[in-house]
Amino acid sequence: MRHLRALLLVVLFLAASFFDVQAQTISSAKTTIVYPASGTLTELLAAKEVRRYVYLRSGQLLDAKPVVSLPATGDLIVVAAHSSTLLASLRDPIGYEPTAGQTLLKSVAADGRIILVVSGADADATLMAAYRYAETIGVGFDLAGDAIPDTRTALSLSGFDEVGR
């Protein structure tokens with residue numbers, strides 16, 4: 001009887017975990033990660049890394065889509081090199097002209113939504129910006145691998161304004 005009860009508890013725990021992930025995924029449907037459709041493999045990797053670390057820290061599995069232009073609605077995380085046409089409409093609000101190797105994390109409020117720009121002077125710097133974003137949401141990096149805290153945190157796209165190297 002004890003074994004049956006333990007098995008039932010394990011099944012209930014797994015089912016609750018599954019439904020919790022599904023509920024969090026559905027609730028985050030309005031935030032999307034976008035990257036240039038004609039971007040480099042490094043920009044694609046940067047977008048995937050942002051998606052992975054957002055999931056590991058918040059439990060929200062965001063859509064990541066290649067696009068030619070920014071979608072008109074919904075909150076966005078834009079992962080693109082500075083020269084990308086995706087950032088053309090955001091150049092004035094960003095106010096950033098990079099030098100070689102610089103990274104940018106910038107929140108922009110536009111049309112009633114928040115756009116987080118994860119960018120760099122080139123594709124390699126954009127990948128470094130993605131890892132810098134991961135650090136800002138609590139992920140640590142060392143020789144043994146990623147250090148991800150056990151506690152989850154809420155996803156926030158606002159409050160970023162950082163230029164780094």
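Student: How do H2 and H4 pack, at what angle and how far apart are their axes?
Tutor: Helix H2 (residues 41–58) and helix H4 (residues 123–136) pack at an angle of about 5 degrees, and their axes are 8 Å apart. Axes here are lines fitted to C-alpha atoms, for helices over the stretch in contact, and angles run from 0 to 180 degrees between N-to-C directions. H2 and H4 are therefore roughly parallel; angles under 35 degrees count as roughly parallel, over 145 as roughly antiparallel, 65 to 115 as roughly perpendicular and the rest as oblique. This is a predicted model: local features need pLDDT of at least 70, side-chain atom pairs count only at pLDDT 80 or more, and totals for chains, interfaces and linings use all residues. Residues are numbered from 1 along each chain as its sequence is written, and side-chain values use heavy atoms, with hydrogens and water left out.

Student: Which residues of H2 and H4 meet?
Tutor: On the H2 side they include Leu 45, Ala 46, Val 50 and Tyr 53. On the H4 side they include Leu 127, Ala 130, Tyr 131 and Tyr 133. By class, the contact of H2 with H4 has 11 nonpolar, two polar and three charged residues. Ala, Val, Leu, Ile, Met, Phe, Trp, Tyr, Cys and Pro count as nonpolar, Asp, Glu, Lys and Arg as charged, and the others, Gly among them, as polar.

Student: And the largest nonpolar core: how many residues, and which have the most contacts inside it?
Tutor: The largest nonpolar core has 22 residues. Ile 33, Val 50, Ile 77, Val 79, Leu 116, Val 118 and Tyr 133 have the most contacts inside it. A nonpolar core is a set of buried Ala, Val, Leu, Ile, Met, Phe, Trp, Tyr and Cys residues joined through side-chain atoms within 4.5 Å. Buried means under 20% relative accessible area, exposed over 50%, partly exposed in between (1.4 Å probe, protein chains only).

Student: Which elements give two or more residues to this core?
Tutor: Strand S1 (31–36), H2, strand S3 (75–81), strand S5 (113–120) and H4. Helices (H or I, at least four residues) and strands (E, at least two) are DSSP runs, numbered from the N terminus.

Student: What is Val 79 in contact with, leaving aside neighbours within four places in sequence?
Tutor: Its contacts include Ile 33, Ala 46, Val 50, Val 118 and Thr 126. Contact means heavy atoms within 4.5 Å. A second, separate core of 15 residues includes Val 34, Val 67, Leu 90 and Val 117.

Student: Switching to the sheet. What is the strand order?
Tutor: The sheet is open, with six strands in the order S2-S1-S3-S5-S4-S8 and mixed pairing. Strands pair if DSSP finds at least two bridges between them. Strand S2 (63–67) and strand S8 (161–164) stand at the edges with a single partner strand each, so one side of each is left without a neighbour in the sheet. The twist averages 20 degrees from one strand to the next.

Student: Do S1 and S2 pair in the parallel or antiparallel sense, and over how many bridges?
Tutor: Parallel, over five bridges. Ile 33 stands opposite Ala 64 in S2.

Student: Where do the two helices sit on the sheet?
Tutor: H2 lies across S1, S2 and S3, running at about 145 degrees to S3. H4 packs on the sheet and touches S3, strand S4 (103–110), S5 and S8. The direction of H4 makes about 125 degrees with that of S5.

Student: How many of the residues of S4 are buried?
Tutor: Six of the eight, so S4 is largely enclosed by the rest of the structure. S4 pairs with S5 in the antiparallel sense over eight bridges. Leu 105 has Val 118 in S5 as its bridge partner. In the hairpin of S4 and S5, with two residues between the strands, Asp 111 takes a positive phi near 55 degrees.

Student: How many bridges join S4 to S8?
Tutor: Four, and S4 and S8 run antiparallel. Lys 106 stands opposite Asp 161 in S8.
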